[in-house]
Every structure is written in structure tokens, then in C-alpha cells.
Amino acid sequence: MIVKDNKARILLGTAAGILLASSMRVFVGGAYSSVEKTFFYGVMFPSLLGVLLFILGAFLVGRLNRKTGALIMTIYALATLVTDATEYTHLIAAFVLPVALALVKEVEARYLSIGLVADLTLRVLAVGGEPIDFPHTRVVMVFLLLLGAYTLWNEEGTLKKPGFGLYAFAALLELGLIYPNAILRYSGVNTYYLPIFVGYSFVIALAILGGVYLARKPKVASLLLVLGTATLFVKPLSLFGLPLALASTVALLESSKGSRGGVIGGVYLFFVALLGIGAYVGRDIGLAFMEGRLEALIIAASLVYAATTYGKNVDIKAPSVKELAGSIGGLLLASVIVLALFNASPVYEQAKKDVLIWTYNLHQGFGPYDGTFNGYELVNLLRERKPDILASQEVVGGMLANGYQDVPLMLSAYLGYAYEYKPAVEGTYGIAVFSHWHMKSEGELNLKSVGQARPAQKVSFEELNLTLVNVHMGLSEEERAMQAEELLKFAESEPVAQIIAGDTNAEPDERAIEILTRDYRDSFKERPDYTFLWERNSVRDEENIDYILLKKDWPVRVRDYGCLCNVEVSDHRPVWALVELP
């Protein structure tokens, strides 16, 4: 009977960990993509309804019986199986998140740690992507959630109401402590490939599982939590400090379960997530004071959590050797699979004369209309079209608002690209150049901006005797004109760039383009109708703003050019030029 009960607890703990991490990603990502439509296009998507459902769930969860909880889990699992359109599934995730925390309250920390490692294992199988974005990981995730729902259905009683402490626990995890790519990029590691991601995933797994052992010294854990997050200001010490903070977060979990104030906790979690999004796009959503303040927010959240749990001694049972072996063994198996099936390092090609160059704004890892994760579609598009060089903008490497997808890692692992990544905001959001040739970073900067940081980078390709500048410019016409002057000087400094590619946000007749075309020419003899299109609910926004510009004195031949205007992987369209190098 004890063995059977332990199996049930393991199943429920596994489901709770996956459900907690997944529902937080979908809830925050879906609410963010909804807010984006509201602020930029005036289209009222249901982000406010999602917040209300979340607070309602926080109020009601302690009154739900276990069969109702199982039904809610099942609905969420089936919804994520059918679609990854977060703007709609986040309405379900909003109600699921308090249910997940109710399960966290009743399962032992050692069992929840197994679930968090299971979610990490799914992230490895998705090669740094969102598990519900890829068919194979989506099916595995749904299967584990349904097993947990079945276990819950067969139990009697009412779900326990999570208090403020558990919401504080969730808030700290949601700021990225359980994602290896987020910690790597928070720590200033901008370019890495699959073996580094896989190896560091074991560091995160050991921190999660080891946290239970640290629970026997809660005061020490509280101190280590704050000191660990404080290493964000002493990079790259955060590569060691943040896993230590994660272990301390898990160590204090049992101490957090006795607190009350579930609705207040729900408001707190929402508030922390909102401020976390503001660290990236604060000026766009009225939180300009938050831009560049993610480190301070993580430390503040650690202080709140430490204060909530401080001095509470609880009896903790450590995982058995079998349980530890099962968790690490599952991660090891997933790691062996991805290292065998995907590119562990860039696949370099021989130099050639005809080079297919793309510029493509990737829209923060989301499709254009419903917040659909676009990693799977992006990989398939690039696999089919095979650009030699891809200058990309709005590239995310581990951002709160997009489910912590790691787009550079995905493209390098799936397609063998080398890349140079220039994050402009909080180490996890910026621009990148991908290619099948060796690249050298020749310089990078954030252009003078009145709004969100706008980056530029210069890379050279020795085999091709080619230098390229990739850029993402600002939203106001005056700002772009100022940035164009700075960009031109950057491009023409040594080594001089033969190509400027990117999202300028400027129409062809605008002052910024006039400035850039003093010394560069458009690779297009005729511009397409648009390179950006957003169309929904009688709102249609067409813009011609993505360019591949060539140095006027560079004797290159443009053999062909175009825009894939029927591709809707992003709100922008891929713009390409096939050039014959001199």
C-alpha cells in the first residue's frame, strides 16, 4: 500500500511541477501577446479577462474538490494538445495556475522537484523551445499531465488553498531561475551551442533536487537565496549564484506552505510578472521605470520569498536514491537523444559566389495574430528555404514574455547555423546573425533611442571577404533619422560593411532611408507591396520597412530578390536577395 501511495505521489508531483511551469509560461506569454495588440493596434484581446480569471481561481481553488481539479487539468492538457495559441489558452492557464499551486501545497518538495526536473527534461527535448510548440514534446507533456489528472480524480477530498508564500515561490521561478538558457544569458553568455545548454541543464537539475537537502537549514537557505540572486550584479558569478538561489528556493518550499493570503498572493504574482515584462518593454506599456531593472526585480522577489519563509522549521524527507536516479536518468536519456539527433556545433560550408541573404524580424518567438509560438514553423521555413546568411531582429534567448524560448539555440541545433547574438535588453532580447560560415563580431552598439533600446551589430565573414551590419531601428520618424546617421558611421567604420540589413521601421520615402542611401543602395529595383502586415478585426497595417542595402561602390551583382509575402510565421515577412559576390 505504501509503494502504491508513493507512486501516486510521484505522479502527482511530476504533474504539479510540469503544470506549474507550463501554466505560468502560457499565462504570462498569452497575456503579453494580448496586451501587445491592445497597445499597438487598439484591438481588445482578452488579457484583462485572463487576469480576472487568475484572481478568481486564486479565490476559489480551496473550495474545489479533487475531481474538479482533475477536470481542469484535463481541459488544459487537451487545449495545449490542440493549439499553442496563447492568447486563448492563457484564459485556461489563468485558472489552472492556482490549481497547480494547490497541488504544490500538498505534494512533498521532493516530489515536486521531480516534476520541475521533468519540465526541464521536456525543455531539453524541445532544444530550448517551448514544449507545447513541438509535436513530440507536446504529446509527452500532455500524457504526463493526464496521468496526474487521473491520479487526482481517484482521490477524495478538497484541494488545499495555496497562500502568499506559494505565490511568492512561483513568482521567483517565473523570473527564470528554472531555465538554463535564461541563467546563461542573464550571466552574459551570449553565444553557446547545444552541449553547453545540455550540460548546464544538469546544473539546474542538481540545484532543484539538491534543494531538498538544504531544507534542513532554512536560515542558511534564506541567506544563500539572497546572496545567490545578488550575483546578478557580479557577472559571470551568477552562473554559480543563480543555481544556488534556485536550490535555496526549493529548500524553503515547505516553509512557504503555511502562509495565508491566496488572493493577495495571486495579485503579487501578477504584479511581479507585469514588472518582469516591463523590464523589456516598459515604455510601451507605461512602465518605463522598469526597463533594465530585471536584476533588481529578481533580488526583490527573493527578499520577499525569504521574508515569507524565514525561521520556519519543517520536517523534510529527502528523495530516495531511486527517485534521484529516475529524475537524472530521464534528463540523461533526453540529453543523449538530442545530442545524437541535432547539431552539437555549427555545420560550416565551403565559400561560394552566390549567397542567399535574408533579413527577418522574428517577432519575439510569436506568430502574428494569436500569440502562437512560432519556433516549430520557423525551423521548418528555414529548412525549406535554406538562407545562407540570416540577419534577424526581435530575437529572444530566454525572455519572460515569450515562454523563455531560446531561438538562437533552436536554429543552431536544428539547422547547423553558427550565430552571433547581440542582446539589447536584459541579455535575452535583441538581434542575431546566423550563417553557415565562420563569423567574427566586429562591433555592436545600442543606437541612441527615445524608446526601447535599438541594437546594431557588425559581423565579418572571412571566407567571403564580406562584412554585414544587422539593425533594428526605432518607432518614431525623428528617432530613426537620428539613428540612421549613427548607423551610417558605424557601418562605414573599419572594417567597412558592404551590407546593411534589418528592420528599419522606415518607409522608402522617409528621411532615415534617405540618409542610409547616401552611400548604400537598395538591393530591390522595385519594392514589394509590404514587408510587414498585421490584419485582424478590420485593422490592417501595411508597412514597407525591411531592407537589404548594398554599398554603392561594391561591385556585387544582385541575381534575384524578393519578399515571401504569403509567409505568416511572424508579423514581418522574410526579405531576401541572392547576390553574386565579386
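Student: How much space lies in the largest pocket?

Tutor: The model is predicted, and the value is computed from its atoms. The lining of this pocket comprises 23 residues. The space in the largest pocket is about 530 Å³.

Student: Which residues lie nearest the centre of the largest pocket?

Tutor: Helices α1 (2-41), α5 (109-125), α6 (135-153) and α15 (321-341) each supply at least two residues of the lining. The lining as a whole divides into 13 nonpolar, seven polar and three charged residues. Those nearest the centre of the pocket are I10, T14, I114, G326 and S327.

Student: What volume does the largest cavity have?

Tutor: A cavity differs from a pocket in that a 1.4 Å probe fits inside but cannot get out. The structure holds one cavity of 30 Å³ or more. The volume of the largest cavity is about 50 Å³.

Student: Which strand gives the most to the lining of the largest cavity?

Tutor: The lining consists of E394, A424, V425, Y429, G430, I431, Q452, A453, P455 and H472. With three residues, the strand that gives the most is β4.

Student: How many residues of the lining of the largest cavity are nonpolar, polar and charged?

Tutor: Members of this lining include V425, I431 and P455, and Val, Ile and Pro count as nonpolar. E394 also belongs to the lining, and Glu counts as charged. The division is six nonpolar, three polar and one charged.

Student: Which strands are the edge strands of the six-stranded open sheet?

Tutor: The order in this open sheet is β5-β6-β7-β8-β12-β9, with mixed pairing. From one strand to the next, the twist averages 20°. An edge strand pairs on one side only, and the two that do so are β5 (440-447) and β9 (520-522).

Student: At about what angle does helix α18 run to β5?

Tutor: Helix α18 (residues 477-492) lies across β5, β6, β7, β8 (499-503), β9 and β12 (546-551). The angle is taken between N-to-C directions, on a scale from 0 to 180 degrees. Relative to β5, helix α18 runs at about 165°.

Key
Residues numbered from 1 in each chain as written. Predicted model: local features only at pLDDT ≥ 70, side-chain atom pairs only at ≥ 80, totals over all residues. Heavy atoms only, no water. 1 Å grid on protein atoms, 1.4 Å probe; cavity = no way out; pocket = protein on both sides within 12 Å on 5 of 7 lines; lining within 4 Å. Points joined across faces, edges and corners; volume = space filled by probe spheres on them. Helix = DSSP H or I, 4+ residues; strand = E, 2+ residues; numbered from the N terminus. Pairing = 2+ DSSP bridges. Contact = heavy atoms within 4.5 Å.
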